[in-house]
Amino acid sequence: MSEAVQRVRADRQWWKEAVVYQIYPKSFFDSDGDGIGDLAGITEQVDYLDALGVDAVWLCPVYDSPQADNGYDISDYRSIFDTYGDLADWERLLSELHDRDIRLVMDLVVNHTSSEHEWFQRSRRREGEYADYYHWRDGRPAAEADYDTDDGPADEVAPNNWESIFGGPAWAYDEEREQWYLHLFDESQPDLNWEHEAVREDVYEMMGWWLDRGIDGFRMDVINLVSKTPGLPDGDPDGGLVGAEHFMNGPKVHDYLSELVAEAIPDDDILTVGETPGASVEDAQRFVGEDGLSMVFQFEHVNVGHEGDKWSLEDYSLVELKESLARWQNGLADEGWNSLYLSNHDQPRTVSRFGDDGRYRDRSAKLLGTLLYTLQGTPFVYQGQEIGMTNAPFESKSELRDVESINFVEEAIESGAAESYEDVRDAVETVGRDNARTPMQWSDDENAGFTDGEPWLKVNPNYDAINVEQARADPDSVWHYYRELGDLRADRDLLVYGTFDLLAPDDEQVFAYTRTLADERALVVLNVSAQAATFAVPDEAGDDLELAIANVNAPETPGSTVELDPYEARVYLTPADSTDRPTTTNSDST
């Protein structure tokens with residue numbers, strides 16, 4: 001047995017070999033006609049998840065919440081938002097998933113709570129140890145500050161100049177306590193004070209409560225923001241998001257995360273995925289090394305093309321995207337594990353962001369799926385990605401539901417940067433979070449088969465052409481291609497554990513790389529452009545390989561030169577033995 005194969009057997013974890021499917025419950029499936037998705041609706045579609053071949057579900061927050069940020073503002077960690085159902089509905093979903101060998105990963109939001117949480121209500125009243133559960137500060141005399149705050153008493157401003165990630169100051173004034181509290185997101189989402197040991201103990205106890213009910217892991221929302229620089233000093237006013245150097249990857253973040261894993265995670269069979277905005281490869285090596293997380297969500301690759309802030313997005317450079325992904329592939333190859341994602345509930349739709357959601361929608365959706373499933377790491381598929389759902393049109397601010405997008409529009413108009421919604425509409429429709437949250441498109445029935453009522457967020461009008469029913473009926477669809485990718489990855493350890501080597505890093509059209517495990521090798525060639533491309537296969541990179549999957553009809557062997565149609569994707573592998581699945585080719589007619 002080779003050393004590489006021995007290492008694979010020693011390193012095996014279910015979550016390394018899994019494909020994880022992310023569900024945004026509000027938009028997945030409505031079982032009772034109120035226009036809002038719910039737990040019973042997810043349970044009705046468990047067979048769909050099983051047919052797609054996913055191994056785990058990441059469930060966005062279903063806890064009790066006033067829904068200021070669609071559930072990421074939690075008012076009770078041990079109760080279910082009543083519009084979604086109750087704990088019995090949740091237990092039924094868990095049972096149905098587990099009956100099909102699909103694991104359940106819950107969203108853990110513990111950088112902040114809702115301002116309606118009991119902890120915050122007791123904190124504003126200064127009740128015992130709860131008095132210090134959040135970051136409370138007296139204001140700064142207005143005459144001594146070089147910034148303004150609309151909130152609070154007339155003669156003072158916020159304690160420092162930090163900005164909220166959702167826009168505006170990161171502080172709100174509380175009339176009851178007569179102090180300011182920190183909120184890195186919406187003012188209804190006050191930040192917990194992790195310096196206070198009782199906060200951490202309550203968080204760990206709550207995590208244990210859910211683990212005792214049989215869940216299989218946690219996705220940890222903005223978990224690298226829990227540590228703030230002591231004293232909460234002013235941030236660099238010219239440094240982008242003001243204050244970020246004091247709350248992203250703060251001085252005690254590794255202490256807190258290693259303690260969390262030691263105190264709340266019983267073993268490494270529990271998946272722990274940390275969302276870590278602003279994290280570098282070196283940061284991630286510590287998060288998944290000494291801190292003990294399974295993997296992290298990093299933002300570097302989804303930020304390519306952004307010019308200074310989220311709302312300034314130009315066409316991305318494929319060379320830059322390759323550089324970023326290769327840096328993380330190589331950086332975590334021996335020092336942890338990669339998460340693989342191209343979209344989620346906070347990002348634009350995959351095919352609209354990185355592909356062509358017009359003429360080459362099907363083909364580019366398949367190409368991006370090929371990339372997702374053949375890099376080293378765990379693929380995360382966001383609901384609707386498997387049928388090639390696209391960004392949606394939003395004709396007015398009244399159609400928006402996302403607090404971040406609404407704040408952006410209002411601040412742009414108030415500041416004079418825009419005269420009306422039309423001036424910022426393109427930015428909203430390109431990168432706004434509502435794109436990812438439009439209801440799942442199940443059929444060409446009214447409201448895409450999502451609900452019999454009025455949907456909470458309008459359905460993308462292209463649902464008559466893009467929906468699950470049509471995709472499953474068409475063997476050449478994006479859906480079936482994703483299913484084949486999952487089968488291929490499940491059959492070949494090479495595509496899970498093999499090393500990654502980038503080819504032609506400066507090619508502006510072709511994304512090509514090899515995967516290697518002992519004597520096995522894969523060659524992946526992707527033309528990420530709307531023009532034909534030619535790729536010269538390096539010596540020996542294509543030797544003795546056979547076509548495993550492609551999104552158009554392609555030669556069975558790569559040869560020395562590969563001629564690629566627009567958005568063509570090919571995967572060549574060392575021939576499988578007789579126990580492996582046969583080669584499959586999924587081609588479209590575009």
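Which side chain meets Glu96 in a salt bridge? It's Arg100, with N and O 2.8 Å apart.

A few notes first: this is a predicted model, where local features need pLDDT of at least 70 and side-chain atom pairs count only at pLDDT 80 or more, while totals for chains, interfaces and linings use all residues. Residues are numbered from 1 along each chain as its sequence is written, and side-chain values use heavy atoms, leaving out hydrogens and water.

**View 1. Glu96 pairs up with Arg100.** A salt bridge here is a side-chain nitrogen of Lys or Arg within 4 Å of a carboxyl oxygen of Asp or Glu, and by that rule the count comes to 35. Glu96 is partly exposed at 26% relative accessibility, and Arg100 is partly exposed too, at 24%. For these labels, buried means under 20% relative accessible area, exposed means over 50%, and partly exposed is in between (1.4 Å probe, protein chains only).

**View 2. Glu410 and Lys397 form a salt bridge.** Their closest N and O atoms are 3.0 Å apart. The pair links distant parts of the chain, 13 residues apart: Glu410 is in helix 14 (residues 403–415), and Lys397 is in the loop between strand 15 (378–382) and helix 14. Helices (H or I, at least four residues) and strands (E, at least two) are DSSP runs, numbered from the N terminus. Glu410 is partly exposed at 30%, as is Lys397 at 32%.

**View 3. Arg570 meets Glu568 in a buried salt bridge.** N and O are 2.7 Å apart, and both residues count as buried. Elsewhere, salt bridges that share partners tie Asp69, Lys310, Asp346, Asp402, Glu404, Arg433 and Arg437 into one network.

**View 4. Arg137 sits in strand 6 (residues 136–137).** Arg137 and Trp180 are 43 residues apart in sequence, yet their C-alpha atoms are 5.3 Å apart in space. Leaving aside neighbours within four places in sequence, Arg137 is in contact (heavy atoms within 4.5 Å) with Pro159, Trp171, Gln179, Trp180 and Leu232. Arg137 is partly exposed, with a relative accessible area of 32%.

**View 5. Asn447 and Ala504 have positive phi values.** For Asn447, phi is near 60 degrees; this residue lies in the loop between helix 16 (434–437) and helix 17 (468–473) and counts as buried at 16% relative accessibility. For Ala504, phi is near 45 degrees. Ala504 is in the loop between strand 16 (499–503) and strand 17 (510–517), and is partly exposed at 32%.
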